[in-house]
Amino acid sequence: MNVAMQTNPKLTWSRFKYPDSLIRYGAWLGLAVFLGYSVDYLNIPLDRIFGMFGRMGDTLANRYYPPDIDYIMDVEYFGYVVETLQMAYLGALFGLILTIPLGWFGSHNMTPSKIFVYPIARAITMSCRAVHEMIFAIIFVAILGYGMLPGVLALTFFCTGFAGKLFAEEIEAIDMGPVEAMRATGANLFQIMLFAVFPQVRVALTGIAIYTWDVAFRAATVVGFFGAGGMGWYLKRNVLQIETERVAAILVSIIVLVAISEVVSAWARNRVMKMK
Amino acid sequence: MKTLEVTDLCARYSMSGPEILKKISFDVEENDFFAIIGPSGAGKSTLIRCVNQLVKPTSGKIIFNGRDVTHLKGRELRLMRRDIGMIFQEFNLINRMSVMDNVLSGRLGYTGNIRTLFRTFPRAEVDHALQLLDRVGLIDHIDKRADELSGGQRQRVGIARALMQDPKLLLLDEPTSALDPKISREVMALIKQMATELKVPCLCNIHDVTLAMEFCNKIIGLQDGIKMFDGPTEQMDQAKLDEIYSMEVL
Amino acid sequence: MNTTITDVAARDIIIERIMQRQRRARMTTALAYGFGLILVAWSIQVTVIDDTDWARMGSFGQVMETAGQFIGLDFALFADLLHPTIETLMIACLGTLLGVIMCVPAAWFGAMNITPFKPVTYPLARAMMTLSRSIHEIVWALFFVSAVGLGAMAGIFAIAVRSVGFIAKMSAEAIENIDHGPVDAIRATGANEFQVMLYAILPQILPQVLGVVIFEWEINIRRSAILGLVGAGGLGLVFFRQMNTFNFHGVMSVIVAILFLILIGEMISHWARKAVI
């Protein structure tokens, strides 16, 4: 230090601040302890983990390669692929139809009744979201038998939950000005929704719709595993028979289709953004 | 020994881009408060950044305290940068970190990686930081997040951070352009005061000519990458200013 | 105002053209909707109507009866659900942690401004991210079960690999959006690249990254719960067994446990977000 200054006894500083630092470090420590305990509880062999990566590479190279592409180049399989697309399409469609009222009722600012309708709508959306689409699929298969109907229903519920939350958040983010203006003219809630809210959220809704379809398709490829129609059924058959090369081929087809769907949905969302 | 000798410095941002600096030469001596003035786009900021190689010069020579630093790389470059403090127009503080942590970050060139990870700095450095913060008048704000401060306060943190390095040269890149006129004057005065106290020469890129004339003892005027004027402040007059800034009239 | 006959005629032509365009646009929209409607009707016909075994399903009443079998809880099962529930939570946590660790190189390579060798590392990282997000977690679980065996380990890997894509993508975006000013400032003090990253880059992206991690952790709880269906540990296995033994009330109990876990996850996530952001 090249400045002659009086050491001011007031000038001290410590990084540790009580109680904030204590709480923060305590929380991180608690998390670390929990994670360490988990490793023990689940009997994870940490020392063998690196060996496992080797085994994975092995499995991939030996059992899953080369993928049996001929197996999937099959008219019947293509039929299943088309079915998967249709299931996804219908599930997203019905889900979105349900989302419009659910999102509306589940939005804090536009719901018809904050004490009654809002919690119910929110609860429905959250339940649909919380339950995994596979659980829906399995239960519907148990009730309705094998086929695509349970698949479509499962996807519908899934999409309702997924899009419902997003849509409600969009509605909650609108500019309330036009809404107030319409209220002042004496319009009822439905008219307000139609003329003040809908124009504002229309573009976002389209984006949500495309995103939902994309996600629904990914789920649709697998619901067949539990009997709900679509490509997943092929997957199950071959997993059970440990025909890993065929499984690899099916996975390849899934990846290709999802990649295409992602490109298409990204392009569509871009177009929609530009419209805005 | 002169602190900085710049000879025939040229710089361009890309192989195909225009030449921003065209053979600039000047010297900075130990007790200078050197100003670089000129219209926007003249290359003032580029010139400043060539000194500590935030921008790589394409040709020419820079000698810092008798050592040729033009083509330093890696560790040597970092060691050289330790000795040069820099104060920025947009303050460039770490917004989510506290004022104290921001000032201490000036010592990163002297801190090992493990200490950096745990943010432990030696007691002596913490004391130095406290003294600097006291000197710039921010001792009551040391635990505030940097983005909770006003513009003038943030720049003062920037000053403290630069001086934490115990620099042999201070680079100032339009330190007051983002501040209102009254605060600008206060900040310039503070910088001048502390630089004089600590005997650190300053090289200052400045937009406001009045401030330059008031605080600096030597001036170079740049226009379109070419040096138009180089001399003590007393020799600057309206005619020469018009020449430097003539592009703006057009 | 002097309007000549030609002015009026010109105006009429313009109006006529605009109306033609509108008519065409409306027809196109109508056609598009019509086409969409046909597609829907066909899809419904093919998937739902043709494919469903209506005979086996029986009447609506019978369907409702079957559905009714699910209503009710197997209370005795709850005691046995504690261990799998904890296991599910732990799989989600460790899986998310592993995903975050794997995300460090992925986000580094996948961020245009700091990727080391743009033509190779950037597309590679982006491809990995897309792969991770395209494959359903069940499929990942199937793969890992065949690679490392049944149990929690497979579940953890499946969760990790499924999450990397999203977390890395968001982190890479955050990195691409940083303010470069502080980076310059820290470099100017003589810091090395590690210090620059720690001081200038990390604090800028931390709120976003932590938010994304918490969000993905919540989703991972939902995912871990069903991975057991294919043998990767947790409540899924109990669910599978209950279905197989046709103990539908037991199935409901498992669902209740899952919902409970997700509720806890939401509470923790809400608190954690407040603390971090």
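Visitor: How many Å separate the centres of domain 1 of chain C and domain 2 of chain C?
Guide: Happy to start there, and keep in mind that this is a predicted model. Chain C is divided into domain 1, residues 5-52, and domain 2, residues 76-276. Taken over C-alpha atoms, the centres of domain 1 of chain C and domain 2 of chain C are separated by 45 Å.

Visitor: Within chain C, how do helix α9 and helix α11 run relative to each other, roughly parallel or roughly antiparallel?
Guide: Helix α9 of chain C covers residues 193-227 and helix α11 of chain C covers residues 248-276, and their axes lie 10 Å apart. They pack at an angle of about 175°. Angles over 145 degrees count as roughly antiparallel. The relation of α9(C) and α11(C) is therefore roughly antiparallel.

Visitor: How many nonpolar residues are there in the contact of α9(C) with α11(C)?
Guide: The α9(C) side includes Leu210(C), Ile214(C) and Ile221(C), while the α11(C) side includes Ile258(C), Leu261(C) and Ile262(C). The contact divides into 4 charged, 3 polar and, for the class you asked about, 10 nonpolar residues.

Visitor: On the side of chain C that touches chain A, how many residues are nonpolar?
Guide: The contact takes 45 residues from chain A and 41 residues from chain C. On the chain C side, 5 are charged and 8 are polar. The nonpolar count there is 28.

Visitor: What is the radius of gyration of chain A?
Guide: Chain A has 11 helices and 0 strands. Along the principal axes, its C-alpha atoms fill a box of roughly 85 × 70 × 40 Å. A compact globule of 276 residues would have a radius of gyration near 19 Å, but the value for chain A is 27 Å.

Visitor: And what is the radius of gyration of chain B?
Guide: Chain B has 10 helices and 10 strands. The globule rule gives 18 Å for 250 residues, and chain B comes close to that, so it is as compact as a globular protein of that length. The C-alpha trace of chain B spans about 50 × 40 × 35 Å along its principal axes. Its radius of gyration is 18 Å.

Visitor: Which are the edge strands in the open sheet of 4 strands in chain B?
Guide: The strand order is β2-β1-β4-β5 in chain B, with antiparallel pairing. β1(B) joins β2(B) over 6 bridges, and β1(B) pairs with β4(B) over 5 bridges. An edge strand pairs on one side only, which here describes β2 (19-28) and β5 (67-68) of chain B.

Visitor: Which residue of β2(B) is the bridge partner of Leu9(B)?
Guide: β1(B) and β2(B) form a hairpin with 6 residues between them. The two strands run antiparallel. In β2(B), the partner of Leu9(B) is Ile24(B).

Visitor: In the open sheet of 6 strands in chain B, what is the average twist from one strand to the next?
Guide: This sheet has the order β6-β7-β8-β3-β9-β10 in chain B, with mixed pairing. One parallel pair is β6(B) with β7(B), over 4 bridges, where Met86(B) has Leu171(B) as its partner. From one strand to the next, the twist averages 15°.

Visitor: At what angle does helix α1 of chain B run to β8(B)?
Guide: Helix α1 of chain B, residues 44-51, lies across β3, β6, β7, β8 and β9 of chain B. Relative to β8(B), the helix runs at about 150°.

Methods
Residues are numbered from 1 along each chain as its sequence is written. Chains are lettered from A and ligands numbered from 1 in the order in which they are written. This is a predicted model: local features need pLDDT of at least 70, side-chain atom pairs count only at pLDDT 80 or more; totals for chains, interfaces and linings use all residues. Two strands pair if DSSP finds at least two bridges between them. Domain bounds come from an automatic or database domain assignment. Two residues are in contact if their C-beta atoms, placed from the backbone, lie within 7 Å. Ala, Val, Leu, Ile, Met, Phe, Trp, Tyr, Cys and Pro count as nonpolar, Asp, Glu, Lys and Arg as charged, and the others, Gly among them, as polar. Axes are lines fitted to C-alpha atoms, for helices over the stretch in contact, and angles run from 0 to 180 degrees between N-to-C directions. Angles under 35 degrees count as roughly parallel, over 145 as roughly antiparallel, 65 to 115 as roughly perpendicular and the rest as oblique. The radius of gyration is taken over C-alpha atoms; the globule rule is 2.2 Å times the number of residues to the power 0.38.
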